[in-house]
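Look at the fold as a whole before going into its parts.

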Amino acid sequence: MARTLLYLVRHGEQDPADGHSAPGGLSALGRSQADRLGRRLKGVPFTTIHHSPLPRAAETAEVIADYLPQVPRHACDLAADRTPVPSAARRGDYPSRLLPWLDGVPGEERDEDAVALQAAVEQLGTVGTEDRHELVVTHNFVIGWFVRHVLDAPTWRWAGLNQDNCGLTIVRWETGRSPALVCFNDIGHL
């Protein structure tokens, strides 16, 4: 029986001087968080490191990769910063209290009906013929979507799942079994 373990990590703290803009990098604390997580993960037999193209995620992956020198890493659109928003036809699937906030999500982050996030789950959450451990350095709502999917929770439930900077969430897929949440937002290394 083969299995896939995805280690989902939210990027380190963004530098507040960047005003939380998309091109912003890590703060000193964010680099320290990434370093602590790298030390924790150095013995895991990762096959690859996927990271969001945004600088805060790329920098986090770079710091972690110092502890995993043989593991290839690459920017991956599957890990990009996305916010699932309902289409007009699916607004009824979300609690009305969330709709005003979702309406304000910037266009570059909007993922209508979570089409891109579902594609990420389908591509990264596959089981091959051999065990696989992959690290995904991404963003809060992406991790929330994966957890919501694994728990088979309602579509909107990602919205209440908050991940700390450099918190670790692990999800597992095994041949012939439903996916499982191994741990959520583990920050013991911080």
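Contact here means heavy atoms within 4.5 Å. Helices (H or I, at least four residues) and strands (E, at least two) are DSSP runs, numbered from the N terminus. This is a predicted model, in which local features need pLDDT of at least 70 and side-chain atom pairs count only at pLDDT 80 or more, while totals for chains, interfaces and linings use all residues. Residues are numbered from 1 along each chain as its sequence is written, and side-chain values use heavy atoms, with hydrogens and water left out.

Begin with the helices α4 and α5. Leu-117, Gln-118, Ala-120, Val-121 and Leu-124 in α4 meet Val-142, Trp-145, Phe-146, Arg-148 and His-149 in α5. By class, this contact has seven nonpolar, two polar and one charged residues (Ala, Val, Leu, Ile, Met, Phe, Trp, Tyr, Cys and Pro count as nonpolar, Asp, Glu, Lys and Arg as charged, and the others, Gly among them, as polar). Two packed helices are described by the angle between their axes and the distance between the axes. For α4 and α5 the angle is about 65 degrees and the axes are 10 Å apart. Axes are lines fitted to C-alpha atoms, for helices over the stretch in contact, and angles run from 0 to 180 degrees between N-to-C directions.

Next comes the sheet. In what order do the six strands of the open sheet lie? The order is β3-β2-β6-β1-β7-β8, and the pairing is mixed. Two strands pair if DSSP finds at least two bridges between them. β3 (73-75) and β8 (180-186) are at the edges with a single partner strand each, so one side of each has no neighbour in the sheet. From one strand to the next, the twist averages 20 degrees.

Strand β1 has β7 as an antiparallel partner over seven bridges, and β6 as a parallel partner, also over seven bridges. Thr-4 stands opposite Trp-173 in β7, and its bridge partner in β6 is Arg-132. β6 also runs parallel to β2 (residues 48-51), joined to it by four bridges; there His-51 stands opposite Val-137.

In a regular strand the side chains alternate between the two faces of the sheet. Are the two faces of β6 covered or open? Both are covered, with Arg-132, Glu-134, Val-136 and Thr-138 buried on one side and His-133, Leu-135 and Val-137 buried on the other. Buried means under 20% relative accessible area, exposed over 50%, and partly exposed in between (1.4 Å probe, protein chains only).

Now turn to the nonpolar cores. A nonpolar core is a set of buried Ala, Val, Leu, Ile, Met, Phe, Trp, Tyr and Cys residues joined through side-chain atoms within 4.5 Å. The largest one has 28 residues, and Leu-6, Leu-102, Phe-146 and Trp-173 have the most contacts inside it. Two or more residues come from each of β1, α3, α4, α5 and β7. α5 gives the largest share, seven residues. A second, separate core has 22 residues, including Leu-5 and Val-137.

Two single residues complete the picture. Gln-33 lies in helix α1 (residues 28-41) and is buried, with a relative accessible area of 10%. Gly-160 lies in the loop between α5 and β7 and is partly exposed, at 42%.
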